[in-house]
Amino acid sequence: MAATAFAIIRLRNLFAVVMLSGIFSLLAASLYVLLSAVDVAFTEAAVGAGISTLLMLATLAITSEYEKKSERSNWLPKVIVFVTGGVLIYGTLDMPLYGAADAPANLHLIPRFILESGTEIGIPNIVTSVLASYRGYDTLGETVVIFTAAIGVLVLLGRGHNRWRPGMRKPVVPEDREEEV
Amino acid sequence: MELPIEIPMEIPGLLNYWIVIVLMMAGFYVVISHGNLVKKMVGLSVFQVAVFVLYISMSKIDGGSAPILDDAIKQYSNPLPHVLILTAIVVGVATTALGLALIVRVRDAYGTIEEDEILEQERNDT
């Protein structure tokens, strides 16, 4: 995964970058299976590796496929990144160890979900019970966010997309631009 | 066989956080150092995946199985981070779609998706 991430930094061919980000998502999905998060794994494989990559490819088809070499100096971003990374690693020294069953995050509410949700909700999959019932409002909020994003995309790319608009510098050559949303 | 140097006990247990931090910083670097807008979006999604891995690795418990109830299983992984990250993945795709739509409009207005060229056009205008 780290190798894929660094290849994304180096490459200038955006098509390859987008493909690598798809591979990156897929590797993340297999990692989730190993970490026993199966629901997350198939969502990541379908949505992260599938739909995201498709949307980015559609954007590349409309825009350009190569990245220009930037003349900006890149020592400042490097310094910022290393300082931030160092501070974060310092922060992890107090974190609970990997796989610890007595980590604070695992003690509150979780035993109740595991013991009671089978009888209270009647679904064997605890993730589904929590998603749809205990944290139902959260899921409703998520749906609202997606709805808002869909409206935003439609407003930006919807009808009259090829028309001349105020603020546009030159008339755009009509191209096949069908962004699947 | 004895190792020549003493390795602190925490190191293997914290390795998951450090991998996450390396991935996160890779995404962060792409976002702040590259001028191409599509590449910035890819960097953001790398950063996002790093955060997801952080949560999921915190939910893993030694010997715990996937949180699906069964009489034969004694220990489960923590289901709550799974739920949060499921939500986050879907929301992440929605925001990616919105960002890409904005990039398409930027390209309509300026004819380029390179940040430097956009700024130069802005400067020439004023």
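**View 1. Burial and overall form of chain B.** Of the 126 residues in chain B of this predicted model, 49% are buried, a residue being called buried if 20 or more other C-beta atoms, placed from the backbone, lie within 10 Å of its own. Chain B has four helices and zero strands, where helices (H or I, at least four residues) and strands (E, at least two) are DSSP runs numbered from the N terminus. Its radius of gyration, taken over C-alpha atoms, is 21 Å, well over the 14 Å that the globule rule (2.2 Å times the number of residues to the power 0.38) gives for 126 residues, so chain B is more spread out than a compact globule.

**View 2. The side of chain B that touches chain A.** Here 74 residues of chain B are in contact with 83 residues of chain A, contact meaning that C-beta atoms, placed from the backbone, lie within 7 Å. Helix 1 (10-33), helix 2 (37-59) and helix 3 (79-110) of chain B each supply at least two residues of this side, and helix 3 gives the largest share, 26 residues.

**View 3. Surroundings of Ala28(A).** Leaving aside residues up to four places away in sequence, Ala28(A) touches Met1(A), Glu44(A), Val49(B), Phe52(B) and Val53(B).

**Notes.** Residues are numbered from 1 along each chain as its sequence is written, while chains are lettered from A and ligands numbered from 1 in the order in which they are written. In this predicted model, local features need pLDDT of at least 70 and side-chain atom pairs count only at pLDDT 80 or more, whereas totals for chains, interfaces and linings use all residues.

Technical notes. Contact = placed C-beta atoms within 7 Å. Buried ≥ 20, exposed ≤ 12 C-beta atoms within 10 Å, placed from the backbone.
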